[in-house]
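Thanks, everyone. Let me put the model on the screen, and then I will walk through it.

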Amino acid sequence: MRIRTQFIITTLLFGFFLVAIGASVIVTSQQVGAAAEQEKIASSIAQGANELGYFANEYLIYRESQQLSRWQARFTSFSTDVAALRVGKPEQQALVRNIQAGQQRMQEVFGSIASPVERSTQNQSAGIDAGFLQISWSRMAVQSQSLISDASRLSRLLRDQVDETRQANLIVVLAMMGVFGAYFLVNYRIVQQRLLRSISALKRGTLIIGSGDLNYFIKEEKNDDIGDLSRAFNQMAANLKLVTASKSDLEREIAERTRAEAERERLLEQVQVKNEELQSQSEEIQAQFEELRVANEELVEANASTEAAVRARDDFLSIAAHELKTPVTSLRGFAQTLLRQYEKRGAVEPERLSRAIHVIDQQSDKLTKLVTQLLDLSRLESGRLSLERQRADISRLVAEVAAAGRLHTNRHTLFVEAPSTAEAFVDPLRIEQVVTNLIDNAIRYSPDGGPVLINVIASGANVEIAVRDYGLGIPPEHCPHVFDRFYRAHEGGGIAGLGLGLYVSKEIVTQHGGRIEVECPPDGGTRFVLTLPVGSDAPDGHDQAEGP
Amino acid sequence: MNAKTTVMVVDDDESIREFVEWALTEEGYEVVAVKDGAAALALVENLHPSLILLDLRMPGMDGAAFARAYRGLPGPHSPIIVTSAARDERCPASEIEAAGHLDKPFDLGDLLAVVERHTAARR
């Protein structure tokens with residue numbers, strides 16, 4: 001049976017009991033009310049009997065109609081009371097019958113008394129017998145007492161009935177309550193036991209399932225709440241099993257995926273490592289490539305510089321050839337023209353002859369200088385340029401070179417400013433060569449003529465020679481290179497030269513332990529400054545040529 | 001028309017100009033000698049020389065520059081004989097459209113023969 005059903009039954013029973021108790025109380029109270037009413041009537045009858053006796057007595061005494069009518073009125077109400085008596089019990093009914101009989105007898109007695117009394121009253125002459133009166137009074141008293149006694153007894157009986165009824169009702173109520181209570185207790189006990197048993201089974205099942213045995217099923221008892229609970233529990237266990245199964249599937253899948261992920265990570269790591277290796281290899285290759293590139297660039301550069309050197313040498317050879325061939329052309333031309341003149345005419349005009357011989361001499365000198373420069377270059381490059389140092393007066397040397405220079409130009413004015421003497425330990429021929437070169441340059445690069453200033457300054461350990469012209473000057477971008485081999489600042493400008501003069505000069509000065517510098521004064525032209533150490537007779541290690 | 005044939009000599013070397021002028025004058029040519037291309041260009045239009053002896057390496061306007069400028073002028077153009085110390089690769093005779101070439105140092109006989117040959121038509 002379901003607990004709910006049980007509860008409904010219990011509730012219905014409880015209601016039934018309540019209704020029964022209520023009904024019992026109502027019935028009882030009705031019974032009690034009726035009994036009490038009857039008891040009151042009985043009491044009233046007792047009282048009426050008493051009063052009727054009393055009234056009859058009075059009438060007997062006074063024998064007036066007033067008392068008679070009072071008695072009759074009282075008897076009427078008394079009769080009403082008697083007629084109202086309704087009792088159920090035999091004992092009570094017997095008493096009622098007694099009372100009714102008593103009432104009868106009382107009326108008869110009083111009638112038997114009243115008639116003689118009335119007649120006597122009407123007939124004044126006839127008196128009332130005293131004995132009669134005594135007997136009548138006694139008869140009335142007996143009747144009255146009998147009625148009182150019966151009525152009182154009836155009243156007591158009714159009171160007892162009320163008490164009994166009440167008691168019976170109480171007993172009924174208590175009994176019903178007892179029965180219900182017992183039922184309730186039994187019921188409660190049964191439900192409790194069922195619940196406890198089920199809870200215990202569920203608890204055991206929970207523990208077993210909780211321990212992991214998902215195949216455990218608890219016994220499904222009956223088709224009631226506990227059965228439902230058991231079924232629900234088993235259903236839960238089954239679901240749990242399913243869920244667990246799917247969970248374990250899921251876990252297996254997760255494990256699988258985790259493993260796959262780990263594998264992927266491992267592969268990724270391998271790839272990473274490979275990638276790093278490749279990266280480092282790539283970097284190495286890059287570095288090697290870079291090295292190769294640098295090497296290549298160096299090669300290209302070296303090649304370029306080699307090419308530049310080769311080109312410079314080619315250029316130099318071309319220039320050298322031109323420079324050498326020009327005086328040779330002139331020499332040959334004059335010689336052949338002279339010869340042709342002589343062969344044609346047998347003679348040559350003296351002016352022509354003189355001029356030709358002069359040019360031939362000039363060109364021979366030019367040729368000699370060129371050859372000397374080439375020889376110097378050859379010596380410098382092979383380290384065979386040697387100095388023959390001796391004490392020399394630089395002032396005199398410069399003055400002589402300037403004087404020679406004046407012979408070659410009539411458009412330039414050469415000014416020399418020098419101390420009377422400025423001695424230095426030098427190779428005088430080489431220094432003369434350098435100074436000649438500087439003065440030649442000053443003249444050559446001042447094609448429009450002008451002054452050339454030559455200064456000699458003796459300053460302690462050094463002798464300084466400065467050559468200043470006001471000619472073409474040197475473009476600033478060429479300044480750093482004027483002492484380079486084969487370098488010609490005015491290349492293409494048509495001014496002759498091998499590009500060797502300043503190079504050879506610098507080498508010579510350097511071998512003397514001195515230096516040569518070029519300045520480009522803002523007012524035009526060029527200024528070369530040659531600084532030579534005064535030196536001493538002692539060997540100073542500068543007398544050996546050094547390769548370029 | 002002048003009876004004499006004019007030859008223009010363009011060379012920066014004074015001694016070369018001098019002997020060429022001397023030698024050609026002796027042979028009956030009118031010789032105009034200048035030291036660079038600019039001077040030659042200034043004269044050439046009015047002079048209409050029968051022949052131009054042109055050096056290449058010169059200060060100022062060099063031989064090649066003169067030739068380009070000269071070819072830019074309205075014709076007719078005189079033949080040019082390049083007289084240089086070496087056949088210059090950077091400025092070949094073909095660019096100048098030279099009629100001939102005399103390598104320095106040239107032989108006087110060769111010079112006279114070349115001039116004779118290129119001026120024959122005009123004589």
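I will take confidence first, then the contact between the chains, then some individual residues.

This is a predicted model. Chain A has a mean pLDDT of 84, and 95% of its residues reach 70 or more. One stretch to flag is residues 540-548 of chain A, where the pLDDT is below 50. In the model, that stretch still has 26 contacts beyond near neighbours in sequence.

Chain B next. Chain B holds 5 helices and 5 strands. Read from the N terminus, the order is β-α-β-α-β-α-β-α-β-α. Of the 123 residues in chain B, 46% are buried. Take the contacts in chain B with a separation of 6 or more: 63% of them join residues 24 or more positions apart.

Now the interface. Three residues stand out on chain A: A:His322, A:Thr329 and A:Thr337. Together they supply 22% of the area that chain A buries against chain B, more than any other three residues.

The polar side of this interface. The rule finds 6 salt bridges across it. One of them pairs the side chains of A:Arg345 and B:Glu26, at 2.1 Å from N to O. There are also 10 residue pairs in polar contact between chain A and chain B, both residues at pLDDT 80 or more.

Over all chains, the search finds 30. Side chains of opposite charge can pair when their charged atoms come close. A:Lys89 and A:Glu164 form one such bridge, with the closest N and O atoms 3.3 Å apart. This pair links distant parts of the chain, 75 residues apart. A:Lys89 sits in the loop between helix H2 (65-84) and helix H3 (90-122), and A:Glu164 in helix H4. A:Lys89 is partly exposed at 35% relative accessible area, and A:Glu164 is partly exposed at 46%.

Compare a local pair. A:Glu256 and A:Arg259 are both in helix H5 of chain A, 3 residues apart, about one turn of the helix. Their salt bridge has its closest N and O atoms 2.9 Å apart. A:Glu256 is partly exposed at 44%, whereas A:Arg259 is exposed at 52%.

Last stop, A:Arg468. This residue lies in strand E5 (residues 462-469) of chain A. Buried or exposed? A:Arg468 has a relative accessible area of 8%, under the 20% cut-off, so A:Arg468 counts as buried. Its side chain makes a polar contact with the side chain of A:Asp523 at 2.7 Å. Beyond its neighbours within four places in sequence, A:Arg468 touches residues including A:Pro451, A:Leu453 and A:Arg527. A:Arg527 in turn has a salt bridge with A:Glu519, 3.0 Å from N to O. A:Arg527 is partly exposed at 22%, and A:Glu519 is partly exposed at 33%. Finally, salt bridges that share partners join A:Glu290, A:Arg293 and A:Glu297 into one network.

Note on methods
Residues are numbered from 1 along each chain as its sequence is written. Chains are lettered from A and ligands numbered from 1 in the order in which they are written. Side-chain values use heavy atoms; hydrogens and water are left out. Buried area is the accessible area (1.4 Å probe) that two parts lose on being put together, summed over both. A salt bridge is a side-chain nitrogen of Lys or Arg within 4 Å of a carboxyl oxygen of Asp or Glu. A polar contact is a pair of N or O atoms within 3.5 Å; within protein, one must be able to donate a hydrogen and the other to accept it, and residues adjacent in sequence count only if both atoms are side-chain atoms. pLDDT is the predictor's confidence in each residue, from 0 to 100. Contact means heavy atoms within 4.5 Å. Helices (H or I, at least four residues) and strands (E, at least two) are DSSP runs, numbered from the N terminus. Buried means under 20% relative accessible area, exposed over 50%, partly exposed in between (1.4 Å probe, protein chains only).
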